[in-house]
Structure formats: structure tokens, C-alpha cells
Amino acid sequence: MSESILREGSHQWRRELTEFVDGIRRPITELDDLSPLQDWQRRITGGVLIQFFEFLEESADEELFPQLADHPLAERLFLCISDEAGLHAARELVDENSEQVFCLLKEEWRAFLEAPDTADDEAFVHHYQFWSVWHQNVPETWDVPDLDPGFAYWIHEEGFALADQAGRGAQHLWQWDGEKMELADEMMTSWSS
């Protein structure tokens with residue numbers, strides 16, 4: 001067996017996460033079986049994931065994020081958390097066979113975090129993460145004009161965490177007319193640290 005690029009703790013944490021997810025994973029819809037809506041969500045998620053990788057290349061350094069000095073990204077697991085459409089986007093952009101990458105459904109990640117005998121790695125010692133998830137729960141507190149009943153509205157939540165106090169996230173409002181997705185309002189909410 002070749003030597004792992006991941007730190008020993010990260011390697012062990014990945015093994016525990018993999019075993020947990022393998023125990024609960026259900027079959028994922030094949031790419032060709034995604035609905036037209038899911039295919040749009042896949043494309044949008046893919047674009048955001050590419051932007052994240054570009055950000056890593058250009059800006060994820062110790063000067064901007066001093067926390068990375070003690071926990072370099074290359075020695076930690078990259079975790080991609082999404083829905084079925086997003087997992088297909090990730091599979092097109094990352095090598096899932098790499099020990100440095102793990103893609104999982106948001107439900108699988110939530111179950112791992114809620115399980116009593118798992119280590120969540122809140123300090124981001126063993127992993128860093130990107131997420132992209134879609135849902136239709138438009139908060140009543142959002143200041144949006146009356147929503148057109150001719151569209152279905154979707155919230156796209158996306159973001160990343162590189163280390164404790166080093167990340168960003170946003171929620172965007174999209175509208176679906178049955179054929180295409182269009183951005184209705186960008187950054188309805190956002191945060192960064």
C-alpha cells in the first residue's frame with residue numbers, strides 16, 4: 001500500500017466517514033435519469049464548484065487564512081456535500097477515487113453529524129468542505145416581491161469552510177419555469193468569516 005497524502009488523523013477520519021456512509025447510502029439516480037430541473041441544478045452547482053476551485057487556486061493561502069499553516073488543505077480530506085444533482089456535478093469535476101476527496105449527500109452528512117459515535121471535526125483538522133444544496137423553503141422574513149405563481153422558486157444554498165472561522169456561504173433565489181432556471185435574486189443572505 002502506498003503512503004497516504006492525508007495526515008494519519010485525516011486518513012482515519014475519512015475511513016470512519018466512509019464506513020458510516022456506506023452503511024446508509026441508497027442508490028443515486030443515474031445522470032441520464034435526472035429530471036430537467038435536476039439537470040439545471042447540476043449545471044449551476046458545477047459552476048459554483050468550479051468557482052470554488054478557482055478561489056482555492058488564487059486565494060486559499062496562509063496569508064489570507066493563517067489557520068491553514070497548521071492544517072494545510074493538501075493534507076486534509078475535501079468533502080463535497082450536495083444533493084443528487086450536485087453529486088453528478090462533482091463527479092464530473094473531481095476524482096472520487098482519490099483518497100483526498102469524498103462526495104456525499106446532505107442527508108448522509110447530517111446523519112453522520114447526528115450519530116452519537118462519530119467525530120464531526122468541527123475544528124476542521126481533518127477536512128475542509130464545500131456544499132451546494134437546493135430546497136423550496138423560502139423564508140417568510142425575506143424581503144422579496146410577490147412571487148409569480150407561474151414559476152416554481154428554489155433556494156440554492158452554497159458555500160465552503162476551509163478552517164474554523166475561514167469560510168463563506170450564501171443563499172440565492174432561483175425561479176424555474178418548467179424548462180429553465182433563472183436567477184431571481186442573488187445573495188438573499190450571505191456570511192463570511
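**Close-up 1. The salt bridge between arginine 91 and glutamate 96.** Glutamate 96 is partly exposed at 31% relative accessibility (buried, under 20% relative accessible area; exposed, over 50%; partly exposed, in between; 1.4 Å probe, protein chains only). The closest N and O atoms of arginine 91 and glutamate 96 are 2.9 Å apart, where a salt bridge denotes a side-chain nitrogen of Lys or Arg within 4 Å of a carboxyl oxygen of Asp or Glu. This is a predicted model, in which local features need pLDDT of at least 70 and side-chain atom pairs count only at pLDDT 80 or more, while totals for chains, interfaces and linings use all residues. Residues are numbered from 1 along each chain as its sequence is written, and side-chain values use heavy atoms, leaving out hydrogens and water.

**Close-up 2. The salt-bridge network of Asp39, Arg42 and Glu92.** Arginine 42 pairs with glutamate 92, with 3.0 Å between the closest N and O atoms. This pair links distant parts of the chain, 50 residues apart: arginine 42 belongs to helix α2 and glutamate 92 to helix α3 (residues 84–93) (helices are DSSP runs of H or I with at least four residues, numbered from the N terminus). Arginine 42 is buried at 13% relative accessibility, whereas glutamate 92 is partly exposed at 46%.

**Close-up 3. The salt bridge between lysine 180 and glutamate 182.** The closest N and O atoms of this pair lie 3.3 Å apart. Lysine 180 is partly exposed at 35% relative accessibility, and glutamate 182 is partly exposed at 37%.

Notes: Helices (H or I, at least four residues) and strands (E, at least two) are DSSP runs, numbered from the N terminus.
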